[in-house]
Amino acid sequence: MRPFGKIHQLWIGLTGSAPEFPLEFRIFHSICLIAIIALAYNVPFNYLIGLPYIALLSLVTMVIFSLLYYYSRYKRKVTSTIIIFTVIGNLFFGANYIINSGTRGPTDLLMGLCIFLVLCVVPKNQQKFWIAVNVLIIIGLHLLEYYHPECVPNSYNNRASRFWDLSSAYVVVVIVMYYTITYFRRNYDYERGSASDKANAIAVQNKQIIEQNHELERINSEKNKLISIIAHDLRSPLSNIQNYLELITEYELETAERRMVEGDLLKVTSRTIDMLGKLLIWSKAQMDGVNVKLGYVSLRDALFNTLELEKAIALKKNITLTSELDWDIRIVADSDMLQLVIRNLISNSIKFTQPGGHISFKAKQVGSECWLIIRDNGIGISSEKQADLFSLQAQSTSGTYNEKGVGLGLPLCKEFTELQGGRIWAESVPGEGTAFFVSMPAG
């Protein structure tokens, strides 16, 4: 450690560290030490220039200040010690004024330094009192010297003694004021830096709290969505299934009627299973997270079977589903996730396209991306609903055959697409149709 560093550590040990004492108390300890050093210098100095009584007074005061420092620093009786220090300081300078030539000596200058140091350490509510005491002492001593000059004799033996005494006092005052102000500035900058750090920490904490609140709101919204799905969207089709079963059980139906009811029952059951599947996938993704397995896959391996299955489903609603793409295009994706996304989007198009309608599935490379496009000529989406299309705020809408949904398909598509490093968006014109775009990194 460098010499200045050692001195700094020693000074901190003597005055106390920030966790031990407030700034005012540490300054008081510093003032005590400086006063002790200054008085230790004054004892031999005043004796050498022919002022033995001042030397003796300085010695006595130095001993008293040393005791006060000990009681404040190590006995931690700071508040009472400051008051005693201030009283003795004023008495010392009062006595010094009388035996050290009054206005011809340095006492006025030292009294100014005294009140400066006192104001640095006494409580704010005592400052005016000690200023008044200091001023009254000086005025009283000046009046004493003016009306009774014999009470304040000239103690200097010659001009040289006075010269060195005044010069020395000035140097001591400047050094003490410089150190005190520098100490204040350094600690002020430190405290300001600490306050700034605390403010930044609080700002970061507030930001985290806001983010946590937003996350809690999101979770609460999802919880409400889940409860709504369970309470309404699943209860409704299950009630229909119950009604169909009661109808078959209680009434003797003809073969044609029975087949019609069984067909309706199959449709409702299929839709309910689809809704439950989406609900379970979404719930699992929210609770357990999703394990994404990215790799290079061709469109043929990932989507060919899915598309063939969706063509058969579309055909039952008399909708044509065509594909125009190079099946050998390679992309970076999780094959299972991509199948779920595309299956959901095509099912969505089938749901909102009238019988006799048309759906196309295309793929094209755009730079380093592969765009998968599902376009239909269905009923389209209003501009108001497009804003919340991929969020849980979106309301479930019945399809053209009154198909029910849970409102989780598109949020799942968005989440799973982004987990694979892709993007998803939609373009729609009400009454003319909708196009969904899934952009994936090309292989």
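**Exercise 1.** What percentage of the 443 residues in the chain do buried residues make up?

*Solution.* Apply the cut-off: buried means under 20% relative accessible area, with a 1.4 Å probe and protein chains only. Buried residues then make up 39% of the chain. Note the basis: this is a predicted model, where local features need pLDDT of at least 70, side-chain atom pairs count only at pLDDT 80 or more, and totals for chains, interfaces and linings use all residues. Residues are numbered from 1 along each chain as its sequence is written, and side-chain values use heavy atoms, leaving out hydrogens and water.

**Exercise 2.** Find the largest cavity and describe its lining.

*Solution.* Start with the term: on a 1 Å grid over the protein atoms alone, a cavity is a set of points where a 1.4 Å probe fits but cannot get out, and lining residues have an atom within 4 Å of a point. Next, the volume, the space filled by probe spheres set on the points, is about 450 Å³. Then list the lining: 30 residues, with Ala38, Phe92, Phe93, Leu110 and Leu113 nearest the centre. Sort them: 20 are nonpolar, nine polar and one charged. Here Gly counts as polar, Tyr and Cys as nonpolar. Finally, trace the source: helix 2 (23–48) is among the helices that each supply at least two residues. Helix 2 gives the largest share, eight residues.

**Exercise 3.** How much of residues 21–41 is helix?

*Solution.* Take helices as DSSP runs (H or I, at least four residues) and strands as E runs of at least two. The unreviewed UniProt entry annotates residues 21–41 as "transmembrane region"; such annotations may be inferred. The span is 90% helix and 0% strand. Its end C-alpha atoms lie 28 Å apart.

Notes. On a 1 Å grid over the protein atoms alone, a cavity is a set of points where a 1.4 Å probe fits but cannot get out, and a pocket is an open set with protein on both sides within 12 Å along at least five of seven lines; lining residues have an atom within 4 Å of a point. Buried means under 20% relative accessible area, exposed over 50%, partly exposed in between (1.4 Å probe, protein chains only).
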